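Colleague: I would like to learn how to read a model of this kind, feature by feature. Could you give me the general idea each time and then the case in hand?

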Amino acid sequence: MSRRAAAIGLIAGLTLSSCGSGTSDQAVPDRTYDVKLAAMPGAFFPMAPRGSAEATIRVVGARREICWTFGRPSGFTDPTRAEIRLGGPGEYGSLEVALGSRYSPTGCSRQVAARVLGAIVASPQGSYVEIDSRRFPSIGAVRAQL
């Protein structure tokens, strides 16, 4: 094999080994977040002004899932769905993980992308959990940063 062919093979190998999403190839550690949800102060859209709920959110990295348990919501009725969104305090963010197809006080979302799990674990303050309701469907009745 010529030096040139060997060099091309080495470069191709290095290029292929560096391709990938980083987080998806690495184990995501398990984490548990206990949060108290409430209306966001100064929200541009209405939220449940006296709404509250408690939640435990568990990231189970090896199984690529997020499990949740919500305490009984108060100050609003008819919860319709819950989700984890990307966004800091006071921000409205994009949907990262639907916590079920409709509201359920407990459950697990499976086959969550490793990059999403990794982002949540790396910067939990950059994500928030939200419960929507019939009266507050746009940005949710209550929310809390992880």
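Colleague: Let me begin with one side chain: is Arg-85 buried or exposed?

Modeller: Burial is judged by relative accessible area, where buried means under 20%, exposed means over 50% and partly exposed lies in between, using a 1.4 Å probe and protein chains only. Arg-85 has a relative accessible area of 15%, and therefore counts as buried. Before we go on, please note that this is a predicted model, in which local features need pLDDT of at least 70 and side-chain atom pairs count only at pLDDT 80 or more, while totals for chains, interfaces and linings use all residues. Residues are numbered from 1 along each chain as its sequence is written, and side-chain values use heavy atoms, with hydrogens and water left out.

Colleague: What is the mean pLDDT of the protein?

Modeller: pLDDT is the predictor's confidence in each residue, on a scale from 0 to 100. The mean for the protein is 83, and 80% of its residues reach 70 or more. Over residues 1-25, however, the pLDDT is below 50, and this stretch has seven contacts in the model beyond near neighbours in sequence, a contact being heavy atoms within 4.5 Å.

Colleague: Going back to Arg-85, what does its side chain reach?

Modeller: For such a case one looks for a polar contact, which is a pair of N or O atoms within 3.5 Å; within protein, one must be able to donate a hydrogen and the other to accept it, and residues adjacent in sequence count only if both atoms are side-chain atoms. Arg-85, which is placed in strand β4, has a side chain that reaches the backbone oxygen of Gly-93 at 2.7 Å. Not counting residues up to four places away in sequence, Arg-85 also touches Tyr-128 and Glu-130, among others.

Colleague: Which residue of β7 is the bridge partner of Arg-85?

Modeller: Two strands pair if DSSP finds at least two bridges between them. The partner of Arg-85 in β7 is Tyr-128, and β4 and β7 run antiparallel, joined by seven bridges. Strand β7 is also joined to β8 (residues 142-145) by four bridges, again in an antiparallel arrangement, with Arg-143 of β8 as the bridge partner of Glu-130.

Colleague: Why is β7 described as largely enclosed by the rest of the structure?

Modeller: In a regular strand the side chains alternate between the two faces of the sheet. Seven of the seven residues of β7 are buried, so this strand is largely enclosed by the rest of the structure. Ser-127, Val-129, Ile-131 and Ser-133 lie on one side, while Tyr-128, Glu-130 and Asp-132 lie on the other. Asp-132 has a relative accessible area of 0%, and its side chain reaches the backbone nitrogen of Gly-140 at 3.2 Å.

Colleague: Which residues touch the most other members of the largest nonpolar core?

Modeller: A nonpolar core is a set of buried Ala, Val, Leu, Ile, Met, Phe, Trp, Tyr and Cys residues joined through side-chain atoms within 4.5 Å. The largest has 30 residues, of which Ile-57, Ile-66, Leu-99 and Val-129 touch the most other members. At least two residues of this core come from each of β1, β2, β3, β4, α2, β7 and β8. Leaving aside neighbours within four places in sequence, the contacts of Leu-99 include Ile-57, Ile-66, Trp-68 and Val-129. In helix α2 (residues 114-122), the buried residues include Val-116, Leu-117 and Ile-120.
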